[in-house]
Amino acid sequence: MPRIPQKVAQRIDRRRFLVGAGGAILALPMLEAHAPRVAFGQNAAPPQRLIVILHSHGRVVGGSTKNGAVADNWSPRPDTGPLPETGDISPQLAALGDIRNEIVTIDQVDNVVRHMTGDADGHKSAEFTCLTCAVPEGAMQHAGGPSIDYVAGLRLRASESQRGNILFPSAPVPSFVEDSSQFRGANGTAPAQLKMPPRDVAEMLFAGVQPSGMMAPPPPTTKTLAERMAARRPDILDAVAKDFIALEKKVGASDRARLEQHAEFLKSLRTQVAGGGGGSLAPTEGCSPPDLSMIPTEADYADDGHDWTRGFEEAVMWKYSMENLVQSIACDVTRVGGLQWLLADAPVFPTEFDGASPFDGDANWHAIIHDTDSPSGAAAPNLTKAFQYYGKAFTYLVQRLASIADVDGSRLLDNTLVVWGSDLGYGTHASFNHPIVMAGMGSKFGNGQGRHLVCEGRRSLGDFWAQVLRMLGGSDTTFGATGKVGDSGVSGENLIAVSGAPDFIEMSTPLHLGELDL
Amino acid sequence: MKIRVQRWSWVCPLILGATVSCVGKVEDTARPAASGAGAGSGGSSAGGSSGRSAGGASGSGTGGTSGSGTGGSAGTSTAPVDCSTGTHGAVSPARRLTQDEYANAVTDVLGLEPSKKYPGSSGVSVTGYSTEPVLTTVGEQSVAAIMSAAEEVALALEPRLGEVLPCVDDGDDACANTFLDTVGRLAFRRSLTDEERETLLAIYSSERSDDATFSEAVAVMTAAMLQMPAFLYVVEADVAAGQDRARTGPELATRLALHLWGSVPDEELLVAAEGGELETKEAVKIQAERLLEDPRADRAISRFFREWSETSTTAVESKDRSAFDYLDDAMVGSINESFDRFVADQVRSGGTLTTLLTTNSTFVDENLAEFFGLDPVDDWTSVMLPADRYAGLATQPAVLAAHAHTVSASYVFRGRFVMKRLLCIDLGSPPANAMTAFGTIEKPPNPTGKETALSVQARPDCGGCHRIIDPAGLAFEHFDGMGHYVEAYESGKAIDPSGALIGVADDMIQFENPADMMAQIAALPEAEQCFAANVFRYTASKPESGDDSCSVQMIAAALGGSEGNLSRALIEATQTDGFLYRRGE
C-alpha cells in the first residue's frame with residue numbers, strides 16, 4: 001500500500017543526517033575540550049568510586065558448553081596470564097587494544113543465584129539477579145535485593161546529602177519504558193534512574209556545580225516560583241513524610257510496609273535536597289559540567305517515535321550520557337554510577353557497519369544471538385563486529401577517566417573501579433561464564449592489570465561483587481544470598497529448566513566459592 | 001530497562017481455566033451487614049494465575065516458538081465457596097495511582113495538562129492490568145519523580161489559579177482554606193482531616209511570610225498536596241483478618257471513579273459519598289451508571305479493553321516503519337483512535353461480548369479508509385468491513401499489530417492472545433531455549449504459517465503447547481504485522497485461515513476463517529466466564545482467589561442475564577461484595 005513516499009524519504013534522510021551530524025560533533029576533540037588535565041598536588045586523599053557498565057546477552061556468541069569450558073570470541077586466552085601485547089586482545093575485545101594495560105578480563109564466573117529461581121524465562125531471572133545476587137520475590141515479579149551500585153553508593157558517599165548512586169541510560173528513554181530490572185534500589189525496588197535526555201540530565205545534575213576554579217554566583221535577591229519550591233522542598237518532604245507515618249497507624253501490615261517504604265525514600269530524598277540536590281562535595285580539578293548548548297535537544301533527534309529502539313539515537317547520544325557519568329564522578333555529584341545499554345532486542349549498530357546493517361531485519365539482534373551458540377556460527381562475524389560498539393564505548397570511558405586529574409594529582413581512573421559486565425553469560429540465556437572486564441584502581445590488583453584471569457574452581461557473581469566491595473574498602477566475604485542453590489527449594493527439574501544450566505551447578509553448589517585471584 | 005519487543009510466555013502442561021464453583025444466589029438490592037469470611041475460604045481461580053504477560057523471547061518470521069517449558073502454577077483449586085450466605089469482601093492492598101490515573105486526576109481537578117514526570121509502572125503484572133499494586137511500588141527515583149511532577153503541576157497552576165479558585169483576587173487565608181475545601185477535597189477524594197489541613201496551611205503561611213504572592217503560596221502548597229498519601233494512594237483503613245467491613249462512602253466513591261473514569265470523583269459523587277448516600281447497592285449503581293454515561297468514562301473503557309487485549313498505545317508506534325512505509329504518526333494516531341472509538345461504541349451502544357468479538361463494523365477516518373481499501377471519508381465514520389474477514393476486537397489493526405513482531409505477523413502471539421486473554425487458558429512461560437530450538441527445526445522453503453506450525457508441533461517438546469496455541473493464531477494469517485489484510489504470503493503461497501481449536505469446547509470448534517472462529521468462541525461459556533474474571537481483576541487490582549469467586553460469578557451472571565451486555569458487566573462489578581466490602585488480611 002504505497003503512501004506518502006516523500007515523507008518517508010525525508011524521515012530517513014533526517015535520521016541519517018543526525019547520525020552523521022552526531023558523529024561529526026563527537027569527532028571534535030572532546031577530551032581536550034572538557035578535560036583540563038592539570039596535575040596538581042593536594043594532600044586530600046581522593047574518594048573511591050565505582051562505575052558499572054552493563055550490556056545484554058553476555059558474550060553474544062557461543063554458549064553450548066555444558067561443562068563450562070569457554071568457546072566464544074570474547075575470551076582472550078584459555079588460561080590465566082598476560083593479555084596479548086600486540087594485536088587484538090580477542091576478536092570481540094579488539095576495541096580495547098589501546099587500554100589493554102589498564103584492564104583485567106575474567107573468565108569462569110557464574111550467576112549461581114539465578115539457578116535458585118528455577119525460572120524458565122530466558123531473561124527476567126537473570127536480570128533480577130546479576131547485580132543483586134538476591135533471589136527474586138513475589139513470584140518473580142521483582143528483584144529480591146539492591147544491586148551492587150546501590151550498596152556501594154551508600155557506603156562511598158560523603159554524607160547522606162550526597163547522591164549514593166545514579167543510573168544513566170545509554171539513550172533518551174521514553175517515559176513508558178519500564179525501569180531497569182538489573183540495577184535496583186533498596187530492597188530490590190526501582191533504581192535511581194534518570195529517564196530523561198542527556199541534556200536534561202546534565203541540567204539537573206550539574207545545576208549549581210561550578211567548574212573548578214570558578215566562584216559560585218551570589219544568591220538571587222528575588223525568588224521565582226520554581227526557586228521557592230526548590231527552597232521549600234525540605235519542609236514539604238518533612239511534612240509529607242510525617243503524613244505518611246501518621247497514616248501508617250491506620251492500615252494493615254502490608255499496606256503499612258508499603259507506606260513505610262515510601263516514607264523512607266522521602267526521608268532519603270529530603271537529605272539529598274537539603275544538601276542542594278546532591279551538590280558537588282569534592283570536585284576534582286577536571287570537574288567541568290557539560291556545556292548544555294553542545295548537547296542535542298529532543299527536537300534534534302525526536303523526529304521519529306520509534307527509531308530509538310533500533311539504536312540510531314543511541315549511537316549519537318551515548319557519549320553525552322557517558323560524559324554526564326564521567327562528570328558526575330569528576331564533580332563528586334555521586335561516587336557510584338551505572339550505565340546500561342538499553343537496546344537488547346533490535347539495535348542495528350549503525351556506526352559499526354557500512355551500508356545496511358545485518359541486524360536491520362526481522363531476524364534481529366536478539367534472535368540472531370539466540371541462534372549463534374558457536375563461534376563458528378554463520379552470524380558470529382557480524383555479531384563480533386557489532387560488539388565493537390560496546391568495546392569502543394568502554395575504551396572511551398576508561399580513557400576519559402584517565403585524562404582527568406583527581407584531587408591529589410593522580411588520575412581519576414586510579415581511584416575509580418570500573419566494571420563492565422552483562423546480565424547473561426551467553427546470549428543463549430546461559431548464566432555461567434559471565435563476561436567481565438575490570439579497569440581502574442590499579443593499586444588494588446595484586447597481580448597487576450593487563451591480564452586475563454581464569455577462575456580455577458569457578459567463582460560466583462556473589463564472590464565477585466563481594467570482592468569489588470573489598471576493593472572499595474569493605475570487609476565483605478559475601479554479597480546477596482548465601483547458602484547453596486538447593487536452599488531456595490528449587491526442584492531438580494526446574495534447575496535443569498534454567499536454560500543452559502551447566503553440569504557443574506547442582507543443588508549443593510554453594511553461592512560463594514571464594515576469592516578471585518586478582 | 002531492557003527493551004525487548006514482544007516478550008511472551010506460557011507453560012506446559014496445559015492449565016485450563018478452572019471454572020468458578022459458586023453456588024447460591026447473591027443478594028442484589030440491599031447491602032447486608034458485613035460478616036466474617038463467609039462459609040469458608042478457597043474457591044477457585046478462573047484461569048489460574050500462572051502466566052506473566054511479559055517474558056520470553058521474540059522470534060523471527062511469522063512463527064516464534066514455544067516448547068515444553070516448566071513453571072507457573074494453576075489457580076488455587078480448593079473447596080467451593082457458598083456465595084449465598086455472609087459477605088465475600090476482597091482483600092485490597094494499597095496502591096499508588098497509575099500514570100494514567102494521575103494524569104486524569106490533574107486534568108479533572110485542576111484543568112491542567114498533567115506532568116509527564118510522574119513515574120509509570122515497574123515490574124511484572126500477574127493479571128495484565130496496570131492497577132496491580134506491585135507495579136507502582138516506589139523507589140528512590142520515583143519518589144523524586146513524584147516531587148518533580150508535583151512541582152511542575154504547581155508551576156502550571158499558579159498563573160491559572162483563578163480558573164479553579166474564584167476567590168483568588170481576595171488573596172486571603174480564607175481563600176486558601178477554600179482551595180483545600182474544593183480542590184483539595186477532590187484530590188483527596190474526601191474532606192481533609194484537621195492534621196492534613198494544618199500541614200498544608202503551614203506551608204502556605206510560610207511562603208506568605210516569605211513575601212510570596214497568594215497564588216505562589218497556594219502553588220507551593222499544591223506541590224505538597226500532590227505528594228501526600230491521601231492523593232497518591234488508594235488506601236483504606238484496616239479491618240481484622242478474615243473479617244469484612246462495608247466500605248465507607250468516600251472509599252466507594254474513589255473506587256467508582258477509578259473503575260469507571262480512571263480518575264477521582266466529581267463533586268456530585270463526593271457529596272453523595274460524604275452525605276451517606278452510598279449505603280445501598282442501588283445508590284452505588286445509580287452513581288456507577290451516571291459515571292459510565294459521562295464522556296470521561298471513555299478513558300477507563302479504553303484502558304480496560306487495551307489492557308485486557310494487551311494492546312498498548314505504543315504497540316503500533318513502535319513498529320518498524322521501514323517495513324510499513326505508510327505508517328506515520330498520523331496513521332499511528334488513527335489506528336489507536338479507531339480502537340478507542342470501537343470499544344467505547346461497543347460499551348455505549350448496548351454492545352455485547354458477542355458483538356465485541358464478532359462484529360465487522362469499525363470506525364475509520366481518512367487514513368484508515370485507505371488502509372482498509374474503502375472509499376475516502378472526511379471524518380470519523382462507522383463502516384462495515386467484509387464479514388468473512390473481520391471479527392470485532394481481534395481484527396482491530398491495533399490488536400493485530402500488538403500481537404505481532406515489529407515487522408511481521410506472528411501466529412504464535414495471536415494464538416496466545418486468544419487463548420490467554422479471551423479464554424483464560426494460560427500456558428505460562430516458554431522454555432528458555434525456545435528460540436534456539438526453533439532455529440534447529442527443519443522447515444520447508446518459504447514455509448507458510450501452517451507449515452511452520454506443523455514443523456514445530458512435530459517436535460515432542462514443542463508440540464504439547466503449540467498444538468493448542470497455534471490454530472487460533474493461524475486463523476489470522478491473512479493479516480500482516482500491522483493488521484493489514486493480504487491475499488497471500490510474499491512467497492506467493494496461498495493462505496489457509498481454516499482450522500480447529502484443541503483444548504477448547506471438547507475440541508469441537510472447527511472454523512473456516514477468523515470470523516467463523518470468533519463467532520464460535522464468543523458463544524462459549526468459557527469466554528463469558530473469562531471476561532467476567534478479567535473485569536474483576538481490573539477492578540480489584542489483583543487476581544481472584546478464595547471468596548472472590550463470588551464476585552466473579554456475579555459479573556458472569558450479569559453477563560449471562562443480559563445476553564453479554566458489556567456495560568452491564570462493568571456496572572455489575574460495582575455491585576459485587578469484592579467492591580462493596582473490604583476484607584482484612
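Q: At what angle do helix α18 of chain B and helix α19 of chain B pack, and how many Å apart are their axes?
A: In this predicted model, helix α18 (residues 449-457) of chain B packs against helix α19 (residues 460-474) of chain B at an angle of about 165°, and their axes are 9 Å apart.

Q: What makes α18(B) roughly antiparallel to α19(B)?
A: Angles over 145 degrees count as roughly antiparallel, and the angle here is about 165°, so α18(B) is called roughly antiparallel to α19(B). The crossing of α18(B) and α19(B) is left-handed.

Q: Which residues of α18(B) and α19(B) meet, and how do the residues of this contact divide into nonpolar, polar and charged?
A: From α18(B) come B:G449, B:K450, B:A453, B:V456 and B:Q457, and these meet B:C462, B:G463, B:H466, B:R467, B:D470 and B:L474 in α19(B). The residues of the contact of α18(B) with α19(B) divide into four nonpolar, four polar and three charged.

Q: Why are α7(B) and α8(B) called roughly antiparallel to each other?
A: The axes of helix α7 (residues 249-261) of chain B and helix α8 (residues 267-274) of chain B come within 7 Å and cross at roughly 150°. The label needs an angle over 145 degrees, and therefore α7(B) and α8(B) count as roughly antiparallel. The crossing of α7(B) and α8(B) is right-handed. On the α7(B) side the contact is made by B:G249, B:P250, B:A253, B:L256 and B:A257, and on the α8(B) side by B:L269, B:A273 and B:E274. By class, the contact of α7(B) with α8(B) has six nonpolar residues, one polar and one charged.

Q: How do you know whether B:V134 is buried or exposed?
A: Buried means under 20% relative accessible area, and B:V134, at 18% relative accessibility, therefore counts as buried. B:V134 has its place in the loop between α1 (99-110) and α2 (140-157) of chain B. The C-alpha atoms of B:V134 and B:R96 are separated by 9.3 Å, although these residues are 38 residues apart along the chain.

Q: What makes B:S567 count as buried?
A: B:S567 has a relative accessible area of 18%, and buried means under 20%, so B:S567 is buried. B:S567 lies in helix α23 (residues 566-572) of chain B, and, not counting residues up to four places away in sequence, B:S567 touches B:L292 and B:V347.

Q: Why is B:P80 called exposed?
A: Exposed means over 50% relative accessible area, and B:P80 is exposed because its relative accessible area is 54%. B:P80 is found in the segment before β1 (95-96) of chain B. B:P80 and B:G546 are 466 residues apart in sequence, while their C-alpha atoms are 8.7 Å apart in space.

Q: What is the phi of B:N446, and is B:N446 buried or exposed?
A: Phi of B:N446 is near 40°, a positive value in a residue other than glycine. Most residues other than glycine have a negative phi. B:N446 is in the loop between α17 (434-440) and α18 of chain B; its relative accessible area of 56% is set against a cut-off of over 50%, so B:N446 is exposed.

Terms used:
Residues are numbered from 1 along each chain as its sequence is written. Chains are lettered from A and ligands numbered from 1 in the order in which they are written. This is a predicted model: local features need pLDDT of at least 70, side-chain atom pairs count only at pLDDT 80 or more; totals for chains, interfaces and linings use all residues. Side-chain values use heavy atoms; hydrogens and water are left out. Axes are lines fitted to C-alpha atoms, for helices over the stretch in contact, and angles run from 0 to 180 degrees between N-to-C directions. Helices (H or I, at least four residues) and strands (E, at least two) are DSSP runs, numbered from the N terminus. Angles under 35 degrees count as roughly parallel, over 145 as roughly antiparallel, 65 to 115 as roughly perpendicular and the rest as oblique. A crossing is left-handed if the near helix is turned anticlockwise from the far one by less than a right angle, and right-handed if clockwise. Contact means heavy atoms within 4.5 Å. Ala, Val, Leu, Ile, Met, Phe, Trp, Tyr, Cys and Pro count as nonpolar, Asp, Glu, Lys and Arg as charged, and the others, Gly among them, as polar. Buried means under 20% relative accessible area, exposed over 50%, partly exposed in between (1.4 Å probe, protein chains only).
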